[in-house]
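Below is a predicted model, to be read through a series of questions and answers. Each answer works towards the value or name that was asked for.

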Amino acid sequence: MMLVAFYLTVLSRLFTGATSSPFPGDAAPRRPFYIGGVFPKFNDPAYDLLPATVQTAIDHVNNMTGLLDGYELRLRWEWTNGGAARALQLLNTFVYTEPHVVMTWGPALSSEALVLNEVAAQYNLVQVGLANSPALGQGHKYPLTLRIWEEENEVNPARVALMKRLNWSRCGMIFEESTFRQHFEDLAELLRQSNITVAAMEVVHDVTQSQEQIRSLQRHDVRVIFIGFYAGAAKRLFCQIYHLGLWGPKYVWIVPGWYPAGWWLTVTRENHGCTAEQLDEMLIYHLFVSGVQVIDKLDDIDYHGLKPQDDPTQRQYLKWLRMKSLLDNNWATLGYAYDALFVIALTFNASIADLAEMTPPRRLDDDVYEDEEISKIFRRNAETIDVYGVTDHLVISQDGARVFTEYVYIEQSQENGSYAKVARFNTANSTVSLLDGRTLLWSGKGPPVDGITEIEEPITISLVNRLVSYVLSAFGSLLSLYFVTINIRYRNQRAIKLSSPMLNNFIVCGCLLLYAAVFLFGLDRSTMNDDVIVGLCFVETALICVGISLAFGALFLKTYRIHLIWTNSMKHAKRMEIPDSKLMAGVAAMVIVDVICILLWILLDRTTVQKFYLESKLDETNPELELYIVPVYRECLSDNQIVFTMAIYSVKGLVMLGGIFLAWEMRRITVAELNDSHFIALSVYVVALTMAITIPTLYVIKENRELYFGVRSVAIVLANTTVLCLVFVPKITLFFKTKDGELKLHFGNKDQSTGSNLPAASTLNHGPGQGSRLMQTLVKRHRTLFELVSKLKALEAIQVKALRSKTSNGKQSHEIGPTGL
């Protein structure tokens, strides 16, 4: 009841214009001087009580011995209704109407201060207010502005630490252009420096027309959103957000730390477009980071040795003010208003002696508008403020801002529209820790995620797939080594020597290189750096190109030699000899072409490693986290890759086409026992068919890395092994079958008919060292014999015909003669 009576007294003095102090002991008359009060007008108790709070502080000042002795501080004030234009009008009243003011309390809102304080400085008026926009720190524009509330930027490190504590790495912002731009630009820069992505930064000029900015937040899929509006504008904004659906358990709103508790509960559908119940559902568990300070112990209040709490009446008021500030930031505004007035009083008190030393001497009640030196004295003495007030330790820095203290509270709306302090940020170690017995509450199982999180997962070939390919390649390599061992050991034996062992060795070497490429395909590249991967890419290319040239180039040239021998021997009866050395030179030429192409590719093109992302999949183990696994594989790409690839494909394609043509031409040629040309033709068919099927298939299934690796590996193993078996198995079988004894060869055209009782081929017993030249001689003599037999039969047929004709003519003359007689 005493407190109610006290406030009634204060309010009565405010509105009746009484200037005498309600406290006893104020008998001696004192020189009155005035400060201006620039107060906003909002429909909440805290702002409504600002004038009464400031007047109460003035009464306490006037009642204290040792503070402004000989002077009486008085207040001229008015509401501005939150408008900068009205604040300027009020400043004009202070300056041009009596009584003049020598300093101003306020403004309390940054939107007013950014306009009024710049103009007030032109009249040498110092402003001590609660506005805390970072833009007010521009000394050239606001040289006489003192900020009692901690600058808004001072809580930005706490916001960043909160983001890290909750594992949020991306966020969005939406704020009002006029007041909050500088603060949010500074916050965005600090977030970026901390590797936190600001996915969307939306500026609103008219809060009633902010739908497009809200939709932009939706398009960017931001979940953690910072708000920069005064509470009244925030109500309109959140009603629009509610109707656009940007709310729910997935979203977290972080509002300014000076919003009063339950600020959204006064919303009405008529004034704002939605109901308080709708916003209450939407804003449950939203956060704010508050730099609001409240002293721990009332006895610690000390204004440069002055303790207003020593007076019982004042102590009761300060106790009430402290308790209200602890309960709600809305009421904490009153504590800052009280301390701001004491800063003004202490500045005046420290300036009395300095003013007296001026020439001529000055007093506090002198007009300051034309005397810049007085305002400088006020400003200089304000920088000496170092006190403990209702808002704890209060120090004014040289730039006019309040020096930030060591802790910041993080509060959350949890129930019934009230805020609860749940955590504290320690500026010394930049950490956020939960308060004892407190926890952050969420609608889901835990904190909402900051958006869809995509986790790159390098694609690796499964162990089973890799083992199967490796085992097959190893088997093929062992088979190749076995064949080449037989080929080298028995290279001078008849059955082996007839099949050109040196070219067969080339085939084996080429197959071994291709088998080796399979092992490289399966290497895990997820931990390799780009340079190593580029090197592996060129090694793979070299193994495949050189392997094909050695294996299938040798196979192609063997087919070509048989084709030439057959064509010249059978059709032109011309002996022709092609030594292995010429064929080996042809294979070497193919390899040289490959090496030149690869070297030009390395030297002339820029090859880099690029990531390829496949379709992401939600991690079903914890869907609320919205973790999407993105399979990714790395592959070498170069600027002119298509040119070099097509060059290599063209060379290999021509070899394959030539091989297919020769195989078709040689389809009727048989070599009994060895049947060499037939198996070579089959090998060419197998290789060509495998490449024709595999290459297009690999482009289609490229993203299925398991299948891609399997198809490529199986194709190489299948083609290699088939060629090896077709080339070597008949020779080795023949070798062990004949035991290198007498070897009978039957060489001919399986569709050719002799036309007589002569055999279709001749039989030859040959000794060692004769080789293919003996076969050519055999073919030539067989053809000559066949031609002679044919000519002999033709002559015989002519003689028989002539004899028959002669006999027939003789009989006819004998019969006609007698009749003519």
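Q: Is Cys171 buried or exposed, going by its relative accessible area?
A: In this predicted model, the relative accessible area of Cys171 comes to 0%. A residue counts as buried when that value is under 20%, and Cys171 is therefore buried.

Q: How many disulfides does the structure hold?
A: A disulfide here requires two cysteine sulfur atoms within 2.5 Å. With the bonded cysteines numbered in sequence order, the pairing reads 1-2, 3-4, and the number of disulfides held by the structure is 2.

Q: Is the disulfide of Cys239 and Cys274 left-handed or right-handed?
A: The handedness is read from the torsion about the S-S bond, which for Cys239 and Cys274 is about -60 degrees, so this disulfide is left-handed.  Because Cys239 lies in helix α9 (residues 231-244) and Cys274 in the loop between α10 (269-272) and α11 (276-282), the pair ties together parts that are 35 residues apart in sequence. Both cysteines are buried, and the handedness that follows from the torsion is left-handed.

Q: What is the torsion about the S-S bond of Cys537 and Cys636, and where do these two residues lie?
A: The torsion for Cys537 and Cys636 is about 85 degrees, so the disulfide is right-handed. This pair links distant parts of the chain, 99 residues apart, and both Cys537 and Cys636 are buried. As for location, Cys537 lies in helix α18 (residues 530-571) and Cys636 in strand β19 (residues 627-638), while the torsion asked for is about 85 degrees.

Q: Which helix holds Ser713, and which residue has the backbone oxygen that lies 2.8 Å from a polar atom of its side chain?
A: Ser713 is found in helix α22 (residues 705-738), and at 2% relative accessibility it counts as buried. Leaving aside residues up to four places away in sequence, Ser713 touches Ser469, Val518 and Phe521.

Q: How far apart in space are Leu682 and Trp664, C-alpha to C-alpha?
A: Leu682 is found in helix α21 (residues 676-700) and, at 32% relative accessibility, counts as partly exposed. In sequence, Leu682 and Trp664 are 18 residues apart, and in space their C-alpha separation is 9.8 Å.

Q: Among contacts between residues at least 6 apart in sequence, what percentage join residues at least 24 apart?
A: The protein has 23 helices and 21 strands, and buried residues make up 50% of its 821 residues. Of the contacts between residues at least 6 apart in sequence, the percentage that join residues at least 24 apart is 72%.

Key
Residues numbered from 1 in each chain as written. Predicted model: local features only at pLDDT ≥ 70, side-chain atom pairs only at ≥ 80, totals over all residues. Heavy atoms only, no water. Helix = DSSP H or I, 4+ residues; strand = E, 2+ residues; numbered from the N terminus. Buried < 20%, exposed > 50% of the residue type's maximum accessible area, 1.4 Å probe, protein only. Contact = heavy atoms within 4.5 Å.
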